[in-house]
Amino acid sequence: MSTKLDVGISRRSFLASASAAAAVAFVAPRRLFAQDDGLVQKARRTASTDKVTVQKLRGNISVLLGAGGNIAVLTGPDGKLLIDAGFAGARPQITNALASINSDPIKHLINTHWHFDHTDGNEWLHSAGAAILAHTNTRKHLSTTTRVEGWNFTFAPAPPGALPAEVFDDERTVKLNGTTIALKHYAPAHTDSDISVHFTDADIFHVADTYWNGYYPFIDYSTGGSIDGMIRSTEANLAKVTASMIVIPGHGAVSDMSQLVFYRDLLVNTREKVAALKKQGKSLDEIVAAKLTAATDATWGNGFRSPKDFIGDVFQGV
């Protein structure tokens, strides 16, 4: 298992699902209703062939890239702690990646929010020995039928083993493997269930899907997200981040303060431009045609959200 960060591969692992061939054979997972062959189905279907890479960060903390959302891993005598579970279909690759770090058993899992690319692996990780902790709203969405209009998909309730057994509302401090882990709920941002995870001793900050490094983000208005909430969460992240801190985004390469500032400015500038044109009575198609994000489309718009998707998400919230 390679320990060198391959940004291209980490992007493709989740993002290339949008162009997966429809002819590939598919067996529906337990949580999937019979629906059109869209992004969720394709992402799940291609998970079994996704490449997972391991990047060592500081001390006993590493990150797995390529199995859905970025998975932080803390090792030690209390057993492995995983931050997010990735795709269920990537279980073999995740298992191999974890074994390449060390032989510590899997004992703990924290979900940063409820979305399938961060929680589909909950059930198998629980069966492997992980106790699951998350925000109250993560368990709420996993426990009920939940529609995401932006994906044109309705999720059935998750099986009992995939549900967080322990939840919190605002803040929680966890001490494992000689490390203090501070959990903090954001006001509704990407969803209404987002939390940050700060490994305080190593000064590593996992901000999950409040930050997409190198691609336009998805904003889930169906479960509480908004462009204003995304900007607020990014400002909150920047208020905490220091020049020496390692920042783990929900998707994309491990990052730092300067890259997070660029992301904040991208969100703010796009919101201001879209809001101004919408106030003038411009339609979404007219605003898309204005190519407001042309400077970043070639690099940020080739993944999960196209420039049109991103502008549409912003347009919905201004």
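**View 1. Helix 7 and its buried residues.** The buried residues of helix 7 pack against strand 13, helix 8 and helix 11 (307-317). This is a predicted model. Eight names make up the buried set: Ile-227, Gly-229, Met-230, Ile-231, Ser-233, Thr-234, Asn-237 and Leu-238. At 1.5 Å a residue, the 14 residues of helix 7 should span 20 Å, and the end C-alpha atoms are 20 Å apart, so the two values agree. An α-helix has 3.6 residues a turn, so residues three or four places apart point the same way.

View 2. Look next at strand 11 (residues 179-185) and strand 12 (residues 195-199): they run antiparallel and are joined by five bridges. Within strand 12, Val-197 stands opposite Leu-183.

View 3. Strand 2 (residues 61-65) pairs with strand 3 in the antiparallel sense, over four bridges. Ile-61 has Leu-74 of strand 3 as its bridge partner. The two strands form a hairpin with five residues between them. In that turn, Gly-66 has a positive phi of about 120°. Strand 3 also pairs with strand 4 (residues 80-83), again antiparallel, over three bridges. Here the bridge partner of Leu-74 is Leu-81 in strand 4. This second hairpin also has five residues between the strands, and Gly-76 takes a positive phi near 155°. Both faces of strand 3 (residues 71-74) are covered. Ile-71 and Val-73 are buried on one side, Ala-72 and Leu-74 on the other.

View 4. In soluble globular proteins, nonpolar side chains tend to be buried together. The largest nonpolar core here has 62 residues, and Leu-64 and Trp-151 touch the most other members. Helix 8 (residues 257-279) gives the largest share of this core, seven residues. Back at Leu-64, its contacts beyond four places in sequence include Val-52, Val-54, Ile-71, Val-73 and Ile-94. Thr-53 and Asn-70 are also in contact with Leu-64.

**View 5. His-118 and its surroundings.** His-118 lies in helix 4 (residues 116-119). Its relative accessibility is 0%, so His-118 counts as buried. The side chain of His-118 makes a polar contact with the side chain of Asp-84, at 2.8 Å. Beyond four places in sequence, His-118 touches several other residues, including Gly-69, Asn-111, His-113, Asp-209 and His-251.

**View 6. Thr-138 in helix 6.** Helix 6 (residues 136-143) holds Thr-138. Is Thr-138 buried or exposed? Thr-138 is buried, because its relative accessible area is 0%, and the cut-off for buried is under 20%. Leaving aside residues up to four places away in sequence, Thr-138 touches Asn-111, His-113, Trp-114, Pro-164 and Ser-193. Thr-138 and Ile-195 are 57 residues apart along the chain, and their C-alpha atoms are separated by 9.8 Å.

Terms used:
Residues numbered from 1 in each chain as written. Predicted model: local features only at pLDDT ≥ 70, side-chain atom pairs only at ≥ 80, totals over all residues. Heavy atoms only, no water. Buried < 20%, exposed > 50% of the residue type's maximum accessible area, 1.4 Å probe, protein only. Polar contact = N/O pair within 3.5 Å; in protein donor to acceptor, adjacent residues only side chain to side chain. Contact = heavy atoms within 4.5 Å. Pairing = 2+ DSSP bridges. Core = buried A, V, L, I, M, F, W, Y, C linked by side-chain atoms within 4.5 Å. Expected span 1.5 Å × (residues − 1).
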